[in-house]
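Please examine the model shown below before reading on.

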Amino acid sequence: MNNSLPQVHEQYEALPYPPREPAEERQRLVTTWLDSLAMINHYCFAGEQDFKDGFRVLVAGGGTGDTTIYLAEQLRGTNARIVHLDLSEASIAIARRRAEIRGLDNIQWVQESLLDLPQLDLGQFDYINCSGVLHHLQDPDAGLRSLKQVLAVDGAIGMMVYATYGRTGVYQMQELLRQINADTDSMAGRLENARQLLATLPPTNWFARGEQLVFDHRHGDAGIYDLLLHAQDRSYTVEQLYAWLHDEHGFHIEFSDVGRGRSPYLPQLILAPRQPPFLAKVRQMPLRRQQAIAELIGGTLVMHAFFLTRGSRVAPYGDPACIPFFCHEPITGPELSAIIHRNTATPFIMQHSHTGITVPVDTGRFGKFILKYIDGRRSFEEVFSLVRAEEKFRRSPPNNETLFGDFVALYEFLNAIERLLLTRRRA
Ligand SMILES: C[S@@+](CC[C@H](N)C(=O)[O-])C[C@H]1O[C@@H](n2cnc3c(N)ncnc32)[C@H](O)[C@@H]1O
């Protein structure tokens, strides 16, 4: 069974995606945002997963292997098994070569349609990555149903599908190229017309206006074809995703945008540092409405990347046994503590250069002391004990509840941008 159009299969045989040169494995490891085990553990396994007990991974529509290689590297030396499945023989050949160069032997290669997964006898999976694939199926829901059938009860899916509003200009270009290419039969001819169009677009064109939102067209033929000439491509708004994944399929959704985490889905962060009065009302709304509003305000989401679990499995803030650790971030706890310490103005204005967010954050009375002891190894219980032992607080030491309450605003900001996550000792 295959509900991909023949043109889609033809595209990925001729132009494997993303374009990769296996020899480059000797120089660098490509990482993919959703597939850091630390993030998967925080969002999908309550921080409890140690990935050492026969962890089963499926990369569905794995293409040329970025996710597969990254996960296989992180799971090297464990008894985890990774299945890389794709329809395209040419893409699998590239991914396989990359794994050979790295000496990875924990991957099984399967050239099949993900729609056939339930019949392939591959067993159940603890984590399924399906990034940039379902929106290319004629029936994305059939793809999701298929993935769901091989997802372990406590398993999770890391998924990416296109976002509608941010790709407005992309869809205008696709329509434009369908018209220009009406009589052009070859892929080479269609690509040539796309290249000519890109070179001559007036700045008023909607794709040109938002060109910085996408990058594929700057990365050769495979990128141009995937972005502008795809025969089967649909997109979703936040509300459509909730209707599909939550209302129809019962999944819990945790967004995780590349580099920015949940921040583009939070109106107060997308509007920061401005906090208009209407925001107070918006923040009373159900989270999905807030996220839908943030998508419209920001206008920058060209894709939705998120984790799906059956019920929330996010590591809980407020559990003293959890270990806070910095992630995707050069700064350490003591360094951030020192910055807050030096800054005497209230409220403290957090200027996060990578996400570009500037926002007032309540650092509380204890924030700088708590941060000082966060080293990725100590649990909150241990961090709090050290805070209580500080000269300043010895006489009336704050209890855990007070400290969690005091630190919540800092945690919520750092966690929303996915710089401070939680794990547990076993993991
Ligand atoms: C845009 S690429 C994404 C590749 C990879 N997931 C990534 O994010 O880099 C889409 C991939 O899905 C594969 N694909 C499309 N339909 C499929 C299906 N029904 N079953 C398995 N793979 C499929 C294509 O061959 C292609 O390699």
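Axes are lines fitted to C-alpha atoms, for helices over the stretch in contact, and angles run from 0 to 180 degrees between N-to-C directions. Helices (H or I, at least four residues) and strands (E, at least two) are DSSP runs, numbered from the N terminus. Residues are numbered from 1 along each chain as its sequence is written. The model is predicted: local features need pLDDT of at least 70, side-chain atom pairs count only at pLDDT 80 or more, and totals for chains, interfaces and linings use all residues.

Two packed helices are described by the angle between their axes and the distance between the axes. Helix H7 (residues 187-200) and helix H9 (residues 220-228) have axes that come within 10 Å and cross at roughly 85°. H7 and H9 are therefore roughly perpendicular to each other; angles of 65 to 115 degrees are given this name, while those under 35 count as roughly parallel, those over 145 as roughly antiparallel and the rest as oblique. On the H7 side the contact is made by Leu191, Ala194 and Arg195, and on the H9 side by Asp221, Ile224, Tyr225 and Leu228. Two residues are in contact if their C-beta atoms, placed from the backbone, lie within 7 Å. By class, the residues of this contact are five nonpolar, no polar and two charged. Here Ala, Val, Leu, Ile, Met, Phe, Trp, Tyr, Cys and Pro count as nonpolar, Asp, Glu, Lys and Arg as charged, and the others, Gly among them, as polar.

Val238, Glu239 and Tyr242 in H10 meet Arg288, Gln291, Ala292 and Glu295 in H13. The contact of H10 with H13 has three nonpolar, one polar and three charged residues.

The wider organisation comes next. The protein is divided into domain 1 (6-164 + 234-309), domain 2 (165-228) and domain 3 (323-423), with bounds that come from an automatic or database domain assignment. Between the C-alpha centres of domain 1 and domain 3 there are 30 Å. Their contact takes 15 residues from domain 1 and twelve residues from domain 3. H2 gives the most to the side of domain 1 that touches domain 3, with four residues. That side of domain 1 divides into six nonpolar, seven polar and two charged residues.

How many of the eight residues of helix H2 (residues 37-44) are buried? Seven of the eight are, and H2 is thus described as mostly covered. A residue is buried if 20 or more other C-beta atoms lie within 10 Å of its own, exposed if 12 or fewer, and partly exposed in between; C-beta atoms are placed from the backbone. Among the buried residues of H2 are Leu37, Ile40 and Tyr43. The buried residues of H2 pack against several elements, including helix H3 (66-74), strand S5 (151-162) and strand S11 (420-423).

The largest nonpolar core has 103 residues, and Val57, Leu147 and Ile370 have the most contacts inside it. A nonpolar core is a set of buried Ala, Val, Leu, Ile, Met, Phe, Trp, Tyr and Cys residues joined through C-beta atoms within 7 Å. S5 provides the largest share of this core, seven residues. Domain 1 and domain 3 both give residues to this core, so it lies between them. Leaving aside its neighbours within four places in sequence, Ile370 is in contact with Val383, Val387, Leu403 and Phe407. Another core, of 15 residues, lies apart from it and includes Val8, Leu15, Tyr17 and Leu228.

Some features of the backbone remain. Most residues other than glycine have a negative phi, and most peptide bonds are trans. Ala46 has a positive phi of about 55° although it is not a glycine; Ala46 is buried, with 21 other C-beta atoms within 10 Å. Glu418, in the loop between helix H17 (400-416) and S11, has a positive phi of about 60°. A cis peptide bond joins Tyr17 and Pro18, with omega of about -15°, and another cis peptide bond joins Ala272 and Pro273, with omega of about 5°.
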